Amino acid sequence: MPPAFAHPDAPVRPGLGRIRRAAATAVAGLTAVGLLSACGYGSQKTEDDSTPAAATAGASGKKLSADTVRIGYFANLTHGTALVGLKEGFFAKELGGTQIKTQVFNAGPSEIEALNAGSIDIGWIGPSPSVNGYAKSNGQSLRIISGSASGGVKLVVNGDKIKKVDDLKGKKIATPQLGNTQDVALLNYIAQKGWKVDAQTGRGDVSVIRLDNKETPAAFQSGSIDGAWVPEPTASKLVAEGGKVLLDEKDLWPEKKFVITNVIVSQAFLKDHPDVVQAVLKGSVATNAWIAANSDKAKADANAELNRLSGKPLPDDVLDPAWASIDFTDDPVASSLQTSADHAVTAGLLDKVDLKGIYDLAPLNQLLKADGKPGYEDAGLGVG
């Protein structure tokens with residue numbers, strides 16, 4: 001069965017999917033609302049207005065119902081739709097005279113807080129903060145209106161110590177954080193093997209080591225960990241240092257698809273400015289189609305944006321495999337959101353959350369239908 005819930009973007013928050021008492025103790029000192037994340041793998045800027053010139057240059061024509069639309073995203077490859085779409089001007093083209101203002105985030109909680117505070121209107125973000133924000137507001141704060149990316153997660157190991165899956169027993173395997181997407185994925189995978197691990201401490205037949213993505217490559221190189229279940233580009237960084245891909249997580253999911261990045265919108269903004277939301281969605285769909293047709297140029301664009309935002313472009317031996325492992329798609333892969341949440345509940349890291357109403361795919365499906373394309377399902381988690 002496919003693994004995992006909480007995305008590296010964000011925490012599992014009390015009252016939403018409450019972290020159990022022992023887990024909360026283990027992460028004391030982070031924040032009262034739960035586990036912070038490390039999704040902005042190269043980003044050094046948090047909530048910094050950093051709109052690409054192409055996003056506003058040539059923004060002309062008829063203004064839509066809002067003067068400005070405020071867009072949030074991460075300086076991270078799994079947010080490639082936002083990176084490329086802004087740089088290439090796809091959003092600006094659809095928005096006409098409506099201006100774009102952007103904010104770049106390092107963690108899902110701060111992006112959700114910005115959405116709730118009205119500092120941004122639309123955001124690219126992982127599934128866990130989407131669920132957390134929706135649940136915390138009792139279903140009043142946001143909607144998921146489209147998918148953006150799937151995949152991009154791998155189990156990379158020291159090939160001298162681990163040659164096959166059964167060799168994982170007795171080894172030290174890192175995940176980015178207690179309760180995050182990859183952490184629950186590994187715990188679920190271990191359970192399927194019939195091995196035992198205490199979810200909170202990480203002790204058991206496999207030692208699960210919670211380690212920030214920025215620290216994982218050095219720990220791997222020093223031999224203090226034997227492998228890691230991590231998202232891109234960390235996975236490809238480990239491979240560049242001699243690691244071996246033991247498992248690509250997409251191989252565990254039906255049709256090799258699971259959500260890694262969503263597009264969300266403030267419910268208030270969706271209600272008041274549906275034309276602006278539709279324009280952003282049109283830009284997103286156009287960007288994903290362009291990425292599919294121009295992968296090398298899109299990859300270069302994304303890396304140029306990482307360099308602009310953080311001063312840390314990825315080297316080719318990391319960028320190329322990392323980019324290739326991410327599928328940019330308008331499909332929200334809605335069924336994977338519920339399955340992932342269920343696995344987090346089973347792992348004992350999340351209280352059950354009612355996700356009914358988290359999706360509103362009507363604007364996206366209307367747009368796709370107009371282009372003669374099939375729409376996407378919300379797995380019974382849509383409005384109405």
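I looked up Ala149 and found Phe328 in strand 11 as its bridge partner. The model is predicted, so I note that local features need pLDDT of at least 70 and side-chain atom pairs count only at pLDDT 80 or more, while totals for chains, interfaces and linings use all residues. Residues are numbered from 1 along each chain as its sequence is written, and side-chain values use heavy atoms, without hydrogens and water.

Next I looked at strand 4 (residues 142-151), which runs antiparallel to strand 11 and is joined to strand 11 by 3 bridges. Strands pair if DSSP finds at least two bridges between them; strands are DSSP runs (E, at least two residues), helices are H or I runs of at least four, and both are numbered from the N terminus.

I then traced the open sheet: 6 strands in the order 2-1-3-10-4-11, with mixed pairing. Strand 2 (99-105) and strand 11 (326-328) are the edge strands, each pairing on one side only.

I turned to helix 3 (residues 80-88), which packs against helix 12 (residues 295-310) at about 90°, with the axes 9 Å apart. Axes are lines fitted to C-alpha atoms, for helices over the stretch in contact, and angles run from 0 to 180 degrees between N-to-C directions. Helix 3 and helix 12 are therefore roughly perpendicular (65 to 115 degrees).

Conventions. Angles under 35 degrees count as roughly parallel, over 145 as roughly antiparallel, 65 to 115 as roughly perpendicular and the rest as oblique.
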